[in-house]
Amino acid sequence: MKFYPLQFQPILKDRIWGGTKLRDYLNKPISSEITGESWEISTVENDVSIISNGIFAGKSLNELINKFPEQVLGTKVYEKFGKQFPLLFKYLDAREDLSIQVHPNDELAAKRHNSFGKTEMWYVMQADEDAKLIVGFKEKASQKQYVEHLKNKTLIDILDVKKVKKGDVFFLETGTIHAIGAGIVIAEIQQTSDVTYRLYDFDRVDANGNTRELHVDLALDAINYDVVKSEKKYSKVENVSNEIIECPFFKTNFIPLDGTIVLVNDGNSFLVYMCVEGKFELEYNNQIYSYKTGDTILIPAKMDEFEIHGKASLLEIYIS
């Protein structure tokens with residue numbers, strides 16, 4: 001079987017806080033004024049990605065993995081996760097502030113939701129002037145302090161609010177309270193999970209006057225009350241894979257591409273490339289594939305050597 005770089009139909013999600021930047025910046029086919037997320041590669045139940053190119057077009061990612069598990073996922077990934085695709089890739093557009101929320105770890109998520117936990121990372125693709133994120137507590141807090149501030153609607157006073165710009169990266173371990181602020185477009189890499197505990201939603205209501213569900217009690221033992229260092233600094237050497245994050249769930253590198261690179265894959269893991277800026281071409285088996293900002297590509301583990309060329313900024317993700 002001849003494998004090739006896979007692309008997928010974006011799974012678009014309207015959100016109360018969403019906008020139109022996924023269309024304006026990333027060329028996503030949105031028609032709504034409140035599109036908050038484009039799920040690029042997903043095997044979350046009821047939101048399984050459908051391949052959009054080549055001979056597998058129209059098939060779901062799960063179908064392909066079931067038929068060719070090692071060739072798609074890689075030897076090590078298949079050994080560890082079986083036929084589960086362990087990551088979820090998204091672009092997000094926050095026209096308004098997202099809710100303040102937290103994600104449970106693997107243990108809690110398995111016990112309560114039969115799910116993975118949700119360790120994730122954010123790469124800021126675009127940020128309006130004075131755009132901000134919330135990541136963790138300013139100082140070590142107690143559960144009692146947290147509950148008090150939540151009741152008084154002063155939770156933001158004890159949280160770490162950071163001004164952000166394009167290229168900033170944040171790594172959010174499970175248990176870290178967080179929120180994406182208004183005016184930011186983000187590339188998000190996370191474990192395959194849709195479990196979120198919403199703590200505070202600024203008393204917003206939807207078009208029908210309804211507030212969104214909160215998960216205050218569930219979150220109490222999921223929260224890490226310590227101070228965390230979420231922001232990640234990384235080098236940007238041209239035409240090499242600059243490590244940003246290596247954790248048990250994924251490894252992410254940053255490639256500032258200006259010219260040509262030959263890439264070799266050892267077959268242990270699939271590779272994913274998120275084009276966060278620019279344009280590039282990928283050459284494999286005498287075929288050329290073209291990509292632009294906002295494209296996400298899954299390289300099956302069976303693709304052992306290929307070439308990329310162009311001028312672009314890429315996130316490279318795999319499981320080490």
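Rings of Phe, Tyr and Trp (its six-membered ring) pair if their centres lie within 6.5 Å; planes under 30 degrees apart count as stacked, over 60 as edge-to-face and the rest as tilted. The structure holds 14 such aromatic pairs. This is a predicted model, in which local features need pLDDT of at least 70, side-chain atom pairs count only at pLDDT 80 or more, and totals for chains, interfaces and linings use all residues. Residues are numbered from 1 along each chain as its sequence is written, and side-chain values use heavy atoms, with hydrogens and water left out.

**Aromatic pairs**
- Phe56 and Phe68 form a tilted pair, with ring centres 6.3 Å apart and planes at 50°.
- Phe85 and Phe270 are both buried.
- Phe3, Tyr4, Phe56 and Phe68 are linked into a cluster by ring pairs.

**Charge over a ring**
- Lys13 lies over the face of Trp39, 4.5 Å from the ring centre; the criterion is NZ of Lys or CZ of Arg within 6 Å of the ring centre and within 35 degrees of the ring normal.

**Gln191**
- Gln191 is buried, with a relative accessible area of 3%.
- A polar atom of the Gln191 side chain lies 3.5 Å from the backbone nitrogen of Lys118.
- Beyond its neighbours within four places in sequence, Gln191 is in contact (heavy atoms within 4.5 Å) with residues including Pro86, Asp106, Phe116 and Phe249.

How values were computed:
Buried < 20%, exposed > 50% of the residue type's maximum accessible area, 1.4 Å probe, protein only. Polar contact = N/O pair within 3.5 Å; in protein donor to acceptor, adjacent residues only side chain to side chain.
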